Amino acid sequence: PLLSGLEIVGTASGHVRWQDGRLAELDLSSSGIDVAVDTETAELAVEDLAGEIRIGGRGGRRSRVSWQGARVFGFDLGPVDLPLAVRSSSLVLVEPVRLPVLDADLSIEQFALDWSEAPPDITFDGVLTPVSMEAVAAALGWIPMQGKLSGVIPRVALSKGSLSVGGNLLVRVVDGDIVLRNLGVSDVFGYWPVLTADLTCRNLALEMVTGTYEFGRITGRVDGVVDDLRLENWRPVAFDARFVTTPDDDSPHRISQRAIDNITSLSGGAGGAVSRTLLRVFDDFGYRRLGISCRLQNGVCEMDGVAPAKGGYYLVEGGGIPRIDVIGFNRSIDWNVLVDRLIAITESGPPTIE
């Protein structure tokens, strides 16, 4: 339980008045309060929490809450002063504020919380300035990542346990743009949450992605779409995805020997094919374009590439001399097998050269 790991140290004073069995007035002041929650499911710390909470009484008295520092699930939050309008079962942010998050700022344009019924209702609207992916990855316990993360978070609403977004959610990451449309999550606090969304990706820098993992180096940029994405209990069960080289991309198109071998094994081919040929003397190769698609249904990924090839499909169309192509032949691959292959590739570490 959350309260089993809760520690509160500090001082508070005030008075409360009940009338007809309901809260009629509250006047509470606090300062120098430190809060810590550390359980298996929650991590929260607030330093030097202070404020005045005013409910009822005469005159329109504004409430406020401030802190000098906080930490929520690994994310460090800087000092903030929140001007609030508080009622017996709700609170509203009365003017925009800027909240430091890691090495960036979250501009909160709108925030409201209504706990008159369970689960509570929340509305939120904000903008995140660029934050380093290295800091985000460290906070989440991921391996180090490159680039910046920023975005516009429009009219997010959590009502009766379901989350919805009133517009397109724009995220800028790995030097490109990702737009999430029709984003919604049902049963957020339940045993089986379901997320649905559509995504459009533009101009993503492949080197920032492949440089993070032990997949092999690929330069160039890609566009992508993910339609009809559906996660059940945060696991993908359906989507129709396609990623291809960005049209008219004039950045260098290079792909390493290791990346070629991993793409080959990912599609069901024999890995290490390049290292067994005369082409093993080359560290990387040029390519004209690359692409992959997967339509996931009923636990099976129906795969395709950037263009048809004899007996299969091109995953990588070579360019320049020496030319090397990567052709996939398996059209249907078990989704769990594909995920296991990807995990094995990214966790295998760099190759041993003898």
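**Figure A. Asp 48 counts as partly exposed because its relative accessibility is 36%.** Here buried means under 20% relative accessible area, exposed means over 50%, and partly exposed covers what lies in between, with a 1.4 Å probe and protein chains only. The model is a predicted one, in which local features need pLDDT of at least 70 and side-chain atom pairs count only at pLDDT 80 or more, while totals for chains, interfaces and linings use all residues. Residues are numbered from 1 along each chain as its sequence is written, and side-chain values use heavy atoms, with hydrogens and water left out. Asp 48 belongs to strand S3, which covers residues 43-55; helices (H or I, at least four residues) and strands (E, at least two) are DSSP runs, numbered from the N terminus. The phi angle of Asp 48 is near 55°, which is a positive value in a residue that is not glycine. Most residues other than glycine have a negative phi.

**Figure B. Strand S3 pairs with strand S2 in the antiparallel sense.** Two strands are said to pair if DSSP finds at least two bridges between them. S2 spans residues 22-38, and its pairing with S3 runs over ten bridges, with Val 37 standing opposite Leu 44 in S3. S3 also pairs with strand S5 (residues 69-72), again in the antiparallel sense, over four bridges, and there Glu 47 faces Gly 69 in S5. A further antiparallel pairing joins S3 to strand S4 (residues 63-67) over three bridges, where Glu 52 stands opposite Arg 64 in S4.

**Figure C. Asp 187 has a positive phi in a loop between two strands.** The loop that holds Asp 187 runs between strand S15 (176-186) and strand S16 (194-205). The phi of Asp 187 is about 55°, although the residue is not a glycine. Because its relative accessibility is 37%, Asp 187 counts as partly exposed.

**Figure D. The largest nonpolar core has 72 residues.** A nonpolar core is a set of buried Ala, Val, Leu, Ile, Met, Phe, Trp, Tyr and Cys residues joined through side-chain atoms within 4.5 Å. The residues with the most contacts inside this core are Trp 67, Ile 178, Ile 218, Phe 239, Ile 255 and Ile 263. In soluble globular proteins, nonpolar side chains tend to be buried together. Contact means heavy atoms within 4.5 Å, and Ile 178 touches residues including Leu 169, Val 173, Leu 199, Cys 201 and Leu 204, when residues up to four places away in sequence are not counted. Cys 201 counts as buried because its relative accessibility is 5%.

**Figure E. Phe 239 and Trp 335 form an aromatic pair.** Rings of Phe, Tyr and Trp (its six-membered ring) pair if their centres lie within 6.5 Å, and planes under 30 degrees apart count as stacked, those over 60 as edge-to-face and the rest as tilted. By this rule the count comes to one aromatic pair. Phe 239 and Trp 335 are edge-to-face, at 5.4 Å centre to centre and with 75° between the planes. This pair links distant parts of the chain, since Phe 239 lies in strand S18 (residues 235-245) and Trp 335 lies in helix H4 (residues 335-347), 96 residues apart. Both Phe 239 and Trp 335 are buried.

**Figure F. Helix H3 is largely enclosed by the rest of the structure, because ten of its ten residues are buried.** H3 covers residues 257-266. The buried residues of H3 include Arg 258, Asp 261 and Asn 262, as well as Ile 260 and Ile 263.

**Figure G. His 253 sits in the loop between S18 and strand S19 (254-256).** His 253 counts as buried because its relative accessible area is 14%. A polar atom of the His 253 side chain lies 3.3 Å from the backbone oxygen of Arg 288. Leaving aside residues up to four places away in sequence, His 253 touches Thr 219, Gly 220, Thr 245, Phe 285, Gly 286, Tyr 287 and Arg 288.

**Figure H. Cys 294 and Cys 301 form a disulfide.** A disulfide is a pair of cysteine sulfur atoms within 2.5 Å, and the structure holds one. The sulfur atoms of Cys 294 and Cys 301 are 2.0 Å apart, and both Cys 294 and Cys 301 are buried.

Technical notes: Polar contact = N/O pair within 3.5 Å; in protein donor to acceptor, adjacent residues only side chain to side chain.
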